[in-house]
Amino acid sequence: MFDSIGWAEILIIVVAGLFILGPERLPSAAAWLGRNVRKVREYATGARDQLRSEMGDDFDELRKPLQDLQQLRNFDPRRAVTKHLFEDIDSGNGHSKPNGHTPPPPPAAKREDPTPGEKAPFDPDAT
């Protein structure tokens, strides 16, 4: 919730609260703020649980588009392009990558000389 607020901002808020409220009222104001934040969280949790119990399986279907939007917020184009171009992903079309590149087949293993008593395989280019 407060991911964008750093320690410097929190310190500024505390110092401003100390000047505005004074040292004698600051602890009671902080306690009041903490209680009210806790109440709001409890109300939100209760509303979500009640909605989930009333909607059943439809609640998960309702949350799916919201989760997709959350993934779009974390989308990094550089990482997506790098993954698409350089990671080996078998797409089922002969080991080609999503970018259409098909790696060359591995070199054929050379057959060694036949052992004594074994015939050499026929090689039409040998003549």
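**View 1. Four helices and zero strands make up the protein.** Along the sequence the pattern reads α-α-α-α, where helices are DSSP runs of H or I with at least four residues, strands are E runs of at least two, and numbering starts at the N terminus. This is a predicted model, in which local features need pLDDT of at least 70, side-chain atom pairs count only at pLDDT 80 or more, and totals for chains, interfaces and linings use all residues. Residues are numbered from 1 along each chain as its sequence is written, and side-chain values use heavy atoms, without hydrogens and water. Of the 127 residues, 4% count as buried (under 20% relative accessible area; exposed is over 50%, partly exposed in between; 1.4 Å probe, protein chains only).

**View 2. Here is helix H2, residues 26-55.** Its 30 residues should span 44 Å at 1.5 Å a residue, and the end C-alpha atoms lie 43 Å apart, which agrees; the expected span is 1.5 Å times one less than the number of residues.

View 3. Val14 counts as partly exposed because its relative accessibility is 43%. Ile5, Trp7, Ile10 and Val14 make a nonpolar surface patch of about 420 Å² (area by the Shrake-Rupley method with a 1.4 Å probe, only the protein chains shown counting as cover for residues).

**View 4. Now to Glu61, in helix H3 (residues 57-73).** With a relative accessible area of 56%, Glu61 is exposed.

Terms used
Patches are made of residues with over 30% relative accessible area and no salt bridge: like charges are joined within 9 Å, nonpolar side chains (Val, Leu, Ile, Met, Phe, Trp, Tyr) within 5 Å. A salt bridge is a side-chain nitrogen of Lys or Arg within 4 Å of a carboxyl oxygen of Asp or Glu.
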